[in-house]
Amino acid sequence: MNFISELKEKSSYIDEKLEKYMPEEVGYQKTVLEAMNYSLRAGGKRLRPILLMESYRICGGSDEAFIPYSVAMEMIHTYSLIHDDLPALDNDDLRRGKATNHKVFGEAMAILAGDALLSHAFEIMLGESVVSKYPERGLSASYEISKAAGIYGMIAGQVVDVESEGKNIDREKLDFIHMNKTAKMIIVSMRAGALLAGADNEKLNAVSIYGERIGLAFQIVDDILDIVGDEKTLGKHIGSDLENEKSTYPSIFGIEKSWEIARNLIKEAKEMLDIFDRKDSQFLSSLSDYIINREY
């Protein structure tokens, strides 16, 4: 298997499905619709919707019932990036090689575009859930996604991240930030796919731990790349963690120890795939290696 080619193929597949759910840019509110679509079309790895899709498939799903939920996950992720880039938070002017949303549409419209993407994501998921063959599965997935994106998930991590700027924090608080700000949305991508497929508890637990381990590893590598990465390759400004005086794994443990921690997390993630058919889980196994070896 050529992993990079398959990743691009799956990303293109998600892009195609995502396009069908993007709002038509008409009406008095046209500007915010343009702002939503601008960031949705800015590219990216589509990691979360792909993880949801792959979890659905390795847990026995054989149709495209996952699509609305994968699309919604990307909308929620995009909303978080738009808001992260705002001057009040990370104050970035480059995202995925393009001007950030507030640089193009202004701060007010960027805030509203993020709000709109979050709301639209739940409109899509709940609308699908109530008409689906297994409404309880869709509602369970939607509920878990709402928790992961909310005050006991991503928002919690973002709050503590903001409040920790300029302070020396310990590993426990740093792990809380990483677990909630980044890993929770990766974990729930895996869990939502499994729930939609009607997975048993053993499989649900396995994909949950897999998601947790790669989610934490992903953020640690992100922290490292913010120091040693190439801005052109990353498609965003590097050094923002240092500029914003944020504690990170490299700032606490150093780069080499951070790499070691990330590699161990990836090893543990791959072990969680042992209960699945090797052929079915090959992509997720390769994705684990990609996360530790990525350059962007």
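Predicted model: local features only at pLDDT ≥ 70, side-chain atom pairs only at ≥ 80, totals over all residues.
**The pairing of helix 6 and helix 7**

Helix 6 spans residues 107-129, and helix 7 spans residues 135-149. The axes of these two helices lie 8 Å apart and form an angle of about 160°. Because angles over 145 degrees count as roughly antiparallel, helix 6 is described as roughly antiparallel to helix 7. The crossing of helix 6 past helix 7 is left-handed.

On the side of helix 6, the contact involves Phe 122, Met 125, Leu 126 and Ser 129. Their counterparts in helix 7 are Pro 135, Gly 138, Leu 139, Ser 142, Ile 145 and Ser 146. By class, the residues of this contact comprise six nonpolar and four polar, with no charged residue.

**The second largest pocket**

The second largest pocket holds about 240 Å³ of space. Its lining consists of 15 residues, and those closest to the centre of the pocket are Tyr 56, Asp 63, Ala 65, Tyr 134 and Leu 196. Six nonpolar, five polar and four charged residues make up this lining.

**The cavities**

Across the whole structure, two cavities of 30 Å³ or more are found.

Helix 4 contributes the most, with three residues.

The second largest cavity has a volume of about 30 Å³. Its lining is formed by Leu 7, Lys 45, Leu 47, Phe 218, Leu 287 and Tyr 290. Which classes of residue occur in the lining of the second largest cavity? Five of the residues are nonpolar, none is polar and one is charged; the lining of the largest cavity, for its part, divides into five nonpolar, four polar and four charged residues.

The volumes of the spaces described above are listed here.

| Space | Volume |
|---|---|
| Second largest pocket | about 240 Å³ |
| Second largest cavity | about 30 Å³ |

Note on methods. Residues numbered from 1 in each chain as written. Heavy atoms only, no water. Axes fitted to C-alpha atoms, helices over the stretch in contact; angles between N-to-C directions. Helix = DSSP H or I, 4+ residues; strand = E, 2+ residues; numbered from the N terminus. Parallel < 35°, antiparallel > 145°, perpendicular 65-115°, else oblique. Left-handed = near helix turned anticlockwise from the far one by under 90°. Contact = heavy atoms within 4.5 Å. Nonpolar A, V, L, I, M, F, W, Y, C, P; charged D, E, K, R; others polar. 1 Å grid on protein atoms, 1.4 Å probe; cavity = no way out; pocket = protein on both sides within 12 Å on 5 of 7 lines; lining within 4 Å. Points joined across faces, edges and corners; volume = space filled by probe spheres on them.
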